Structure formats: structure tokens, C-alpha cells
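This report goes through a structure by its local features. Please look at the sequence and the model first.

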Amino acid sequence: MGALCLVYWISIGLLLGLCLGADPFANFNLELSYITASPLGVPQQVIAINGKFPGPVLNVTTNYNVVVDVRNKLDEDVLITWSGIQMRRASWQDGVLGTNCPIPPKWNWTYQFQVKDQIGSFYYFPSLNLQRASGGFGSFVVTNRDIIPLPFAIPDGDIVILIGDWYTRNHTALRKALDNGEELGMPDGVLINGKGPYRYNTTLVQDGIVHETINVDPGKTYRIRVHNVGVSTCLNFRIQSHNLLLAETEGYYTSQQNYTSMDVHVGQSYSFLVTMDQNASSDYYIVASARFVNESLWQRVTGVAVLHYSNSKGKVSGPLPDPPNDAFDTTYSLNQAMSIRQNVSASGARPNPQGSFHYGSINVTDVYVLKSLPPSKIDGKLRATYNGISFVNPDTPIKLADAYKVKGAYKLDFPSKPLERAPSRDRSIINATYKGFIEIILQNNDTVLQTFHLDGYSFFVVGMGIGEWTENNRGSYNRWDAISRSTVQVFAGGWTAVFVSLDNVGVWNMRTENLDRWYLGQETYMKIVNPEDTGNKTELPVPDNALYCGALSHMQKPQKVSASSMLASSNLYLVLVVVFSTMISGLCY
């Protein structure tokens, strides 16, 4: 019996070692539903997460396994995507129609992925049919492991600020407008953390609007994470009388520079270190105002919150701090964008310096030029394009079509450069090469500023300019400390060049973050296959809880339970410990 007890304690030790030695799990539940809110003083339907608008901050640590059970209480399909989270080996979890069947109303689905070798400021949102224009978004923060030092002193606090242009029409009304061939027009305002503007001006801001207040203590330094979760408007972010020390953007530490304001484009995320070093004679304005527009017409499209010191002597009043004085000149903003450099000596998610990957000395294997034009009619409907192709999402997601050999679901013939032909609707995607190193030229010949996003990766922003890109522009590329990120601006009538190292197998969405253009078809996918992988080393197999649709609809079983269909391994270990302990202890005593 003593030997059996010894085996018991050894087994417990081994099981606990498995529990504690493996990367931890973080479990979240997100329930999407409609609620009525009045952020701009007009009652409207918004998408809430767990009854709140905006949704909760999801806070995890590098290498955590993240389990998110999403319950859909909307009246339409939904998917949640995780902007900037690279989903290493797991594009099955990306939450876009090219890789996932949507979650039907009254159903739930569990995402499970690892934030492998990532740190930084990201966000999540519903990816279908303009739903983000009604809410459903929240911040996703990945903190460093304790063994990896921050490249700055530990801040006294962490603050999330979600900014974005906002319409008092909900996403279904906006969708109908686009379907009818109309532009969305000027937004009705800008929200800060889901709230309307502080009444800094009695003419421009009506009475009774609830505004956001950020409470701080004098002398302390806070890490302020700013995400532009809006529809299509670039916003200039600034805090009255305070410098913004840029520290990180979308998962990479930057060379630390002070800015009085920062242009935050749709879909972008930044971290600033802000020291509360003012005398607090009154509160201070926090402002997010529209850029590159006729400011006299767009005055209402301004978000205003309040920075409140604990020793403040009164309310803030007077004019807002000035934005950059260049409404139709992109020079300042372009130079600001290219001044953002990577901190090459800092450790990111791993101990080695961020600059240890010498991207500037790697030979480019393929070049893709993605040109966007103003939306035009295709088959009588307004559509937006890359290289003349307006993407049509396949009935059967690309990943499932490959796994189950569904023919004709998509085409591997997306052109690597614009073609002289009439625009068309198609299911063309890029057939990229695993371990390739590609150059993507984003040529924006549309009339509006756009942002470009790539799922599954970050890319090096090596160049940016106005006019038509030519090969001569490569001479101006930053080949040493270009910032790495997943969302980048492309000025109207201009270009942006990025380098991408293709080391993440899967199918990855490439899109504009401008919701109207995205809805109208300005996106495609990049398929990356490792032909030598026969054992799921570089890509995980179809998840056990995969949803089926399109040609595979017959495989979908009715959903019988609301609980997660996958049990996190860490929870399984703990169950085994309890069961094994109960069985053996009965024999030992």
C-alpha cells in the first residue's frame, strides 16, 4: 500500500508539473446582443458585449492559450476577428469569412488560439457586414512575460481609449445605403470609449450627452492605449498640454519620441506614455478630430473627453487644443508616419532584440502591386476593388474547401499587378510561397485616404509617398529600423510599400480597414502552404468544433449545448488531478 501511495504522490507531482509548466489558459465569454444607447443624444441600436458598449478589455500575457466562447444573440450571423493577433498555425481562428463559417443567431462558438511570441495593443470586433459600425468592439492587450523587461519604466497605470467616427444610423441602415449605390456621407460624430463629446461648445454639442472622463493622479505616468475602431475617418488624437511619448504600436516597441498629437488611422493602435505633469488648475481636454476634411463642415465630427486630475481645481473650458493646420496637405502626416521607427535594441515578446531580424538585407522573392480606385458599378452594383477585382466571399470558406476537397470554391489567380481590363467580381486569391519574402506596393488611386490590414502577419513599413509608385522609389526605403505593424495608411493619390516574411502557414485576409470599401469588396486572401508539412507542425488541423456551411452544410450538426465544445487542456489536467487524487487517496488511508 505504501508503494501505491508513493506512486500517487509522484503522479500528482507529474500532473501538477504539466499544469504549471505548460503555457497558461485565459478563458473569456463574449455575448453579443443589441441594446439601446444614445452616445450622440439620439437613441439607437448598438451592439453590446456582455451588455456593455464598448466591450470589455481582454488582458492576457505572451504565449497564453486564449479560449473565447462567443454567443450570438443578434438577429444575423456574426464572426469576431482579432486585429493584429497573428494566429500562428491557426488561421482557422481568424474570424473572417474566408476561413470561418459564420456563427448563426442563437448559437455560440469557441475560439481557441495562442498569442505566440506577441506583446502589445490590439482590439477585437465583429467582421461581417459593417457590424463594427454599430459596436461589438473592445481592446485586446497582450502583456510581457515577467522575464522580458520593458524598454521603459513600469507605468503607474494602464488606460484604454477607443476612438472612432460614428453614425446615428446603425449598420443595417448603412449597409442599405451602400447596397443602393450611395456614399455613407459625413459621420454624425466621434465617440471616445463609446461616449459622445464633452460640451465644450454649446452650439456644436447638445446638452445631455454623456462624455468620457479619464481619472489620473498628478506626477504619475500612464500607458495610454489608443485604438481607432471607427468606420472610415482618420482621427488626430491629442491631450491638452500633455506630450504623447510613443512607446509601441500594434505589437512592436518604437523608438521613443514625443508628439503633441498623433494621426490615428482607421484600424490602427498605439501606446503612449503620458506623464501627468501639469498644475491641474483645471481639467484637460482629450480630443479626437477628423483629418483631411473641410474642418468648417466637419466641426461636429470631433470627440472630446476629459482628463481629470485627482487634485483638479475645476472643469475644463475654452477652445480645444489646435489640430495640425494642414487640412488638405498630407506632408506633415506622411512625415509623422515615417518618423515612427522600431526600437531595434529592445526585446519584444522574446529575449532577442527586435532588430535582430535584418529584413533590409533579405532578397525579395515576389512583388505584388495592389491598386485601389474609386468604387464603380459592376453588373449594376457599386463595388470597390483591388487590381480591378471586387472580392466575393466563397460559400465554402477556403480552409474548409481545401480540407474537404471542395472544387471551384475559389481561384488562385489574383494578379500580382493591375491589369488593363474591366473590373469584375471574383473569388481570386493570392497563391503565395511559404518562407518567401515579399514586397507589397499599395497604390491608392481612390479619392479617400485608406488603411490596409493584413491578418496573420506584421509587415515592415519601408516607404510611403504621394503620386504613382515607381521602382525608383525603392531608393528611399528604410531598410534598417522600419516599424513593424499590421495596419498602415495609404494616402489618397499616394502609395505605401511594405515587406512581409511569409512564415505563417494558412489563409490570411488582406483588406482595406475602411468599412464601406471593405463591404463593397476591397479585399482578397493570401494562401500559404508548406508542402513539406505532413504532420501539422506548421498548421493545425480542422478544429473539432468547426462550423460547416456552403457545400459542406450537410456536415453541420444542430447545436445542442451552449457550453464550449472544446475543453481547455489546463482544465483537463486539473480534472485528472482531482479524480486521480480521489481514487488513490481512498486506497492510501
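## Histidine 242 and its loop

In this predicted model, the side chain of histidine 242 comes to 2.7 Å from the backbone oxygen of glutamine 240. Histidine 242 belongs to the loop that runs between strand 13 (235–239) and strand 14 (244–249). With a relative accessible area of 3%, histidine 242 is under the 20% limit and therefore counts as buried. Residues beyond four places away in sequence that histidine 242 touches include Val274, Thr275, Met276, Asp277 and Gln278. Tyr284, Leu307 and Tyr309 are also among the residues touched by histidine 242.

Serine 241 is found in the loop between strand 13 and strand 14 as well. Its phi is near 65°, a positive value in a residue other than glycine. Serine 241 has 47% relative accessibility and counts as partly exposed.

## Other backbone features

Alanine 280 also has a positive phi, near 60°, and is a residue other than glycine. The loop between strand 17 (269–275) and strand 18 holds alanine 280. The relative accessible area of alanine 280 is 0%, so this residue is buried.

Phenylalanine 53 and proline 54 are joined by a cis peptide bond, with omega about -5°. Proline 54 lies in the loop between strand 2 (44–49) and strand 3 (58–61).

## Aromatic rings

The structure has 24 aromatic pairs. In one of them, tyrosine 270 and phenylalanine 272 have ring centres 5.9 Å apart and planes at 20°, so the pair is stacked. Tyrosine 270 and phenylalanine 272 are both buried. One aromatic cluster is formed by Trp82, Trp109, Tyr111, Phe113, Tyr124 and Phe140.

Arginine 132 lies over the face of phenylalanine 125, 4.6 Å from the ring centre. The charged end of arginine 291 is over the ring of phenylalanine 292, at 4.5 Å from its centre.

## Salt bridges

The whole structure contains 25 salt bridges. In one of them, arginine 485 pairs with glutamate 250, and the closest N and O atoms are 2.9 Å apart. Arginine 485 and glutamate 250 are both buried.

Arginine 291 forms a salt bridge with aspartate 263, at 2.8 Å from N to O. This pair, too, links distant parts of the chain, 28 residues apart: aspartate 263 is in strand 16 (residues 262–264), while arginine 291 is in the loop between strand 18 (284–290) and strand 19 (302–309). Both aspartate 263 and arginine 291 are buried.

A further salt bridge joins glutamate 513 and arginine 511, at 3.1 Å from N to O. Glutamate 513 and arginine 511 are buried. Through shared partners, salt bridges connect Arg132, Asp455, Arg511 and Glu513 in one network.

## Nonpolar cores

The largest nonpolar core has 105 residues, and those touching the most other members are Trp82, Tyr111, Phe140, Phe237 and Met526. Residues in contact with phenylalanine 237, beyond four places away in sequence, include Ile161, Ile163, Val226, Leu244 and Ser261. Met262, Val264, Phe272, Ile286 and Val287 are also among the contacts of phenylalanine 237. A second, separate core has 25 residues, including Ala37, Tyr123, Leu174 and Val229.

## Helix 3

Helix 3 covers residues 331–339, and its Ser333, Leu334, Gln336, Ala337 and Met338 are buried. The elements that cover these buried residues include strand 15, strand 16, strand 28 (459–466) and strand 30 (487–490).

## Glycine 164

Strand 9 (residues 157–166) contains glycine 164. Its relative accessible area is 5%, so glycine 164 is buried. Beyond four places in sequence, glycine 164 is in contact with Gly189, Val190, Leu191, Asn228, Gly230 and Leu235. Glycine 164 and serine 390 are 226 residues apart along the chain, and their C-alpha atoms are separated by 26 Å.

Definitions and conventions. Residues numbered from 1 in each chain as written. Predicted model: local features only at pLDDT ≥ 70, side-chain atom pairs only at ≥ 80, totals over all residues. Heavy atoms only, no water. Helix = DSSP H or I, 4+ residues; strand = E, 2+ residues; numbered from the N terminus. Buried < 20%, exposed > 50% of the residue type's maximum accessible area, 1.4 Å probe, protein only. Polar contact = N/O pair within 3.5 Å; in protein donor to acceptor, adjacent residues only side chain to side chain. Contact = heavy atoms within 4.5 Å. Phe/Tyr/Trp six-rings, centres within 6.5 Å; stacked < 30°, edge-to-face > 60°. Lys NZ or Arg CZ within 6 Å of the ring centre and 35° of its normal. Salt bridge = Lys/Arg side-chain N within 4 Å of Asp/Glu carboxyl O. Core = buried A, V, L, I, M, F, W, Y, C linked by side-chain atoms within 4.5 Å.
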